[in-house]
Amino acid sequence: MPKKSLKNQNINLKNEMKSKNSSEIKFLVELDENRIPEKLYWTAPDGGINEKETKAVMVSVWDSKNKESLRIDLWTKDMPIDEMKIFFHQTLTAMSDTFKRATNDEKMSDTMKDFCDFFAEKLNIKIQ
């Protein structure tokens, strides 16, 4: 029996995934001549988002085989510093909520939230 090429295996995997329930999120990055992000867009059809512009994106994925997280952190060159600080604060706060839901570890989640409050205080971020 002939071996399938890697390309054919990838096509079969994509076709197999499309036949199951799936959802897709895409990021489009426009770069300047120095390969610095000028514009960022994201699309999530299931959420009704189509090429919506944003100033920053942080994505983490877990590589189970190597037991490490991999990240993509992008922001446009015109992302205001004050907005970046708020973005980080809100991301850290959301991570503490996600940590609680994922692990049911309320004590550590509360500790993370305490750090988020400290972070906001040190950066003079007004929490709404």
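The buried residues of helix H2 (81-103) pack against strand E5 (68-75) and helix H3, where contact means heavy atoms within 4.5 Å. Here, helices (H or I, at least four residues) and strands (E, at least two) are DSSP runs, numbered from the N terminus. Keep in mind that this is a predicted model: local features need pLDDT of at least 70, side-chain atom pairs count only at pLDDT 80 or more, and totals for chains, interfaces and linings use all residues. Residues are numbered from 1 along each chain as its sequence is written, and side-chain values use heavy atoms, with hydrogens and water left out.

**Helix H2**

- Met84, His89 and Ser96 are buried in H2; "buried" means under 20% relative accessible area, "exposed" over 50%, and "partly exposed" in between (1.4 Å probe, protein chains only).
- H2 has 23 residues, which should span 33 Å at 1.5 Å a residue, and the 32 Å between its end C-alpha atoms agrees with that. The expected span is 1.5 Å times one less than the number of residues in the helix.
- Just after H2 comes Asn104, with a positive phi of about 60 degrees.

**Helix H3**

- H3 is made of 17 residues and reaches 24 Å from its first C-alpha to its last, close to the 24 Å expected at 1.5 Å a residue.
- Which residues of H3 are buried? They are Ser109, Cys116, Phe119 and Ala120.
- What do the buried residues of H3 pack against? Their partner is helix H2.
- Just after H3, Asn124 has a positive phi of about 55 degrees.

**Aromatic pairs**

- Rings of Phe, Tyr and Trp (its six-membered ring) pair if their centres lie within 6.5 Å; planes under 30 degrees apart count as stacked, over 60 as edge-to-face and the rest as tilted.
- Going by this rule, there are 3 aromatic pairs.
- One of them joins Phe87 and Phe88 in an edge-to-face arrangement, at 6.4 Å centre to centre and with 80 degrees between the planes. Phe87 is partly exposed at 24% relative accessibility, and Phe88 is partly exposed too, with a relative accessible area of 36%.
- Phe115 and Phe119 make a tilted pair, 5.9 Å centre to centre with 50 degrees between the planes. They are 4 residues apart in H3 (residues 106-122), so about one helical turn separates them.
- Phe115 is partly exposed at 43% relative accessible area, whereas Phe119 is buried at 19%.
- Phe115, Phe118 and Phe119 belong to one aromatic cluster.

**The sheet**

- Strands of a sheet pair through backbone hydrogen bonds, either parallel or antiparallel.
- This model has an open sheet of 3 strands in the order E1-E2-E3, with antiparallel pairing. Two strands pair if DSSP finds at least two bridges between them.
- Strands E1 (26-31) and E3 (49-54) are the edge strands, as each pairs on one side only.
- E1 and strand E2 (residues 37-44) pair in the antiparallel sense over 6 bridges, and Val29 stands opposite Leu40 in E2.
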